[in-house]
Amino acid sequence: CLCVTTSAKTILVVGDSISTGFGVPTGKGWVALLQKKLKNDVVVNASTSGDTTANALARFPQALSEHKPNIVIIQLGGNDGLRGSSLSEMKKHLAKMIEASQNISAKVLLVGVRLPPNYGEAYIKKFTQVYIQLAKHYKIPLVPHALAGIGGHREMMQIDGVHPTEQAQRILLNNIGKYLDPLLK
């Protein structure tokens, strides 16, 4: 639904190329579509293509201080996983962002990422558990799979097989939106 909120809110999106709308025309990515839907709210896209959780964490305090969000959407970890980075470090970085957000009374939505099967079942399982554990520990909603209905569908993915197409952005918004909606109330 992504219902119109009663009082204006600031939503900070901190993500990677999935949230910057990599390879998609400006204004057509899921974050831009979210802003169009939530006319009364301010959606700040502080995402950077190629970002790791460590890079995002370094900039995060400044983004919180500057924008004073009511809601923070964290869509990170894909680049950590694709690089085979330390999962305990990734978890620490995400935890620090969640805690910093909660310390300013912002609601947090964590967006889970899935890795391709070639990373091996054991690593993928541990990677997925990071999101589940963080959501449970901090009692925050988790989008289990943002690319549900997109990944694995060739027509929904760009030629690189990693980034969603323009047509897939509405599905991506719906996948995230159903978990964001309760936070908007």
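This is a predicted model: local features need pLDDT of at least 70, side-chain atom pairs count only at pLDDT 80 or more; totals for chains, interfaces and linings use all residues.

Colleague: Is Ile150 buried or exposed?

Modeller: Ile150 sits in the loop between S5 and H7. Its relative accessible area is 0%, and buried means under 20%. Ile150 is therefore buried.

Colleague: What separates the C-alpha atoms of Ile150 and Ile171?

Modeller: Ile171 is among the residues that Ile150 touches. Along the chain, Ile150 and Ile171 are 21 residues apart. Their C-alpha atoms are separated by 7.4 Å.

Colleague: Which residues of H2 make the contact with H7?

Modeller: H2 passes H7 in a right-handed crossing. On the H7 side, the contact is made by Gln169, Arg170, Leu172, Leu173, Ile176 and Leu180. On the H2 side, the residues are Trp30, Leu33, Leu34 and Lys37.

Colleague: By class, how many residues in the contact of H2 with H7 are nonpolar?

Modeller: The contact of H2 with H7 has one polar and two charged residues. Leu33 and Leu34 of H2 take part in the contact, and Leu counts as nonpolar. The number of nonpolar residues is seven.

Colleague: Where do the buried residues of H2 fall, seen down its axis?

Modeller: In H2, Trp30, Val31, Leu33 and Leu34 are buried. Seen down the helix axis, these buried residues fall within an arc of 160°, so they line one face of the helix.

Colleague: Which elements do the buried residues of H2 pack against?

Modeller: H7 is one of them. The others are strand S1 (10–15), helix H1 (17–20), strand S2 (42–45) and strand S3 (71–75).

Colleague: How do H5 and H6 lie, roughly parallel or oblique?

Modeller: The axes of H5 (residues 87–103) and H6 (residues 121–138) come within 10 Å. They cross at roughly 20°, and angles under 35 degrees count as roughly parallel. That makes H5 roughly parallel to H6.

Colleague: How many residues in the contact of H5 with H6 are nonpolar?

Modeller: Among the residues in contact are Leu87, Met90 and Leu94 of H5, and Phe127, Val130 and Leu134 of H6. Two residues of this contact are polar and three are charged. The nonpolar ones number 11.

Colleague: What is phi of Ser105?

Modeller: Most residues other than glycine have a negative phi. Ser105 lies in the loop between H5 and strand S4 (107–111), and is exposed, with a relative accessible area of 66%. Although Ser105 is not a glycine, its phi is positive, about 65°.

Colleague: And what is phi of Lys139?

Modeller: Lys139 is found in the loop between H6 and strand S5 (142–143). At 74% relative accessibility, Lys139 counts as exposed. Its phi is also positive, in a residue other than glycine, and is near 55°.

How values were computed. Residues are numbered from 1 along each chain as its sequence is written. Side-chain values use heavy atoms; hydrogens and water are left out. A crossing is left-handed if the near helix is turned anticlockwise from the far one by less than a right angle, and right-handed if clockwise. Helices (H or I, at least four residues) and strands (E, at least two) are DSSP runs, numbered from the N terminus. Contact means heavy atoms within 4.5 Å. Buried means under 20% relative accessible area, exposed over 50%, partly exposed in between (1.4 Å probe, protein chains only). The arc is that of the directions from the helix axis to the C-beta atoms. Axes are lines fitted to C-alpha atoms, for helices over the stretch in contact, and angles run from 0 to 180 degrees between N-to-C directions. Angles under 35 degrees count as roughly parallel, over 145 as roughly antiparallel, 65 to 115 as roughly perpendicular and the rest as oblique. Lists of a residue's contacts leave out its neighbours within four places in sequence.
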